[in-house]
Amino acid sequence: MPEKSVPHRRGATGVSSLAERVLELLASGQATTRTELAALLGAAPSTISLTVSQLMAHGLVAEQGTRSSTGGRPRKVLRLGGSDGFAVAAEVGGRHAHVGVVLPGGGLTDVSTVPFATADGPEAALPGLARTLEALAERHGRDQLRGVGLCLPGPVDVESGLVTLPARMPGWNRFPVRTWLEERFGVPAAIENDANCMAVGEHSVQPAERRQSIMVKTGSGIGAGVIADGRLYRGGTGAAGEITHVRVEAGDTPCSCGNTGCLETVASGAALVRILRERGVDVASVEDVVRLASDADPEATRAVRQAGRYLGMVLAANVNFFNPDAVYLGGVLSTLEPFVAAVRSQLYEGCHPLVTRHLVIERASLGADAGLVGAGQFALQRALARALQSITGTDAGRHAVPQQSVVRTDV
């Protein structure tokens, strides 16, 4: 399952911290005026105006036209200074990588899938991916490249930029991925766990009022990313959203963690392959399961629906506790209606009516692109944080904004 990232502590306070948040919100597209910034940040309009003025003086923010408002004068629209920049990003899987160009405000272009042999190790696999990303950068103007983002299917220490003890990435443990990328491209780089990237990417395109959400990735493994009050929530040790090893009573299959009956052993794509093969169905991959279920194969559909029920049971406890505005389902299993319907049904059955009264339960609107958008936005935020550091002389952006927070982006 996608394991979570290790958090870090930042000491940024005062104006520099507020400036970071202003840049995040403008980068994300969540705010475009001083009034919106003040409302989202809970700061006095005069404080926001001062911060914006300082950022404009350093070329990090610019004004671009006006927007009409009800009952008042037109409001000046803000944008990032030098916003013609972009990031290149990749979401890495077992055998392929999803790549594309991510723009400030959440735009995504030039998306494609290329071969990527994760099992060959970083020193063998990364150079080919880097060449692909370099070609994308050249196509859009290398001088406008602001950052590189990489979304990984394993635990990431975001402070050091290392992969740590990945279960399905032989040779990657403690490899300095971020440093490797920054030396190769000469711009800030950000690496993140895939569930967190998907949470950030999907949050970026959802309505601003959805401040609390859970993104669940359902592929070969299962993972979740949590958005709390509009920001990525990591928890005390970076394990927030760790639902894979919640035990399900009906399960008795041994898990890699040493327990039996963990959610991953009954509801993941890998579990479905095993379950269907035990029933005599000829499947070798999650894609085979999806193909059969899409063709209404009875055994595959039954297994997929049961997997959705198990996931819904585990999610119900989390939804009751957290009371989110939305639950988003991503990953290949979320493309199957029987799976999504079973999750939704179980949540309505297992949650208190007050919790589900306005709860949105739906597929990720970005689909397979959610992680890619999140990775690119993390990279753009890291570039902004570094620029802020250079003009303030503080360490406010030393680790990059993405390591600590997530903004709606079109971030």
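So, salt bridges: there are 18 of them in this structure, and keep in mind that this is a predicted model. As a reminder, side chains of opposite charge can pair when their charged atoms come close.

Let me start with Glu182, in helix H5, residues 177-185. Arg382 forms a salt bridge with Glu182, and the closest N and O atoms there are 3.4 Å apart. Arg382 sits in helix H13, residues 370-392, so we're looking at distant parts of the chain, 200 residues apart. Is Arg382 buried or exposed? Buried, because its relative accessible area is 4%, and the cut-off for buried is under 20%.

Glu182 also meets Arg386 in a salt bridge, at 3.2 Å from N to O. Arg386 is in H13 and Glu182 in H5, so this pair ties together parts that are 204 residues apart in sequence. Arg386 comes out as partly exposed, because its relative accessibility is 35%.

Now a local one. Arg291 forms a salt bridge with Asp288, with 3.6 Å between the closest N and O atoms. Both are in helix H9, 3 residues apart, so about one turn of the helix. Arg291 is partly exposed too, at 41% relative accessibility. And there's a network: Arg21, Glu24 and Arg231 are joined by salt bridges that share partners.

Okay, on to strand S10, residues 213-218. How many of its residues are buried? 6 of 6. Ser213, Met215 and Lys217 are buried on one side, and Ile214, Val216 and Thr218 are buried on the other, which leaves both faces covered.

As for neighbours, S10 pairs with strand S11, residues 222-228, in the antiparallel sense over 6 bridges. A hairpin of 3 residues joins the two, and Thr218 stands opposite Ile222 in S11. S10 also runs parallel to S13, with 5 bridges between them. There, Lys217 stands opposite Gly330.

Hold on to Lys217, and let's go to the largest pocket. It has about 1,200 Å³ of space. Which of its 45 lining residues are closest to the centre? Gly93, Gly94, Lys217, Ser220 and Glu287. Among the elements that give two or more residues to the lining are strand S3 (86-92), helix H6 (194-205), helix H8 (269-278) and helix H9 (286-294). The most comes from S4, with 3 residues.

Technical notes:
Residues numbered from 1 in each chain as written. Predicted model: local features only at pLDDT ≥ 70, side-chain atom pairs only at ≥ 80, totals over all residues. Heavy atoms only, no water. 1 Å grid on protein atoms, 1.4 Å probe; cavity = no way out; pocket = protein on both sides within 12 Å on 5 of 7 lines; lining within 4 Å. Points joined across faces, edges and corners; volume = space filled by probe spheres on them. Helix = DSSP H or I, 4+ residues; strand = E, 2+ residues; numbered from the N terminus. Buried < 20%, exposed > 50% of the residue type's maximum accessible area, 1.4 Å probe, protein only. Pairing = 2+ DSSP bridges. Salt bridge = Lys/Arg side-chain N within 4 Å of Asp/Glu carboxyl O.
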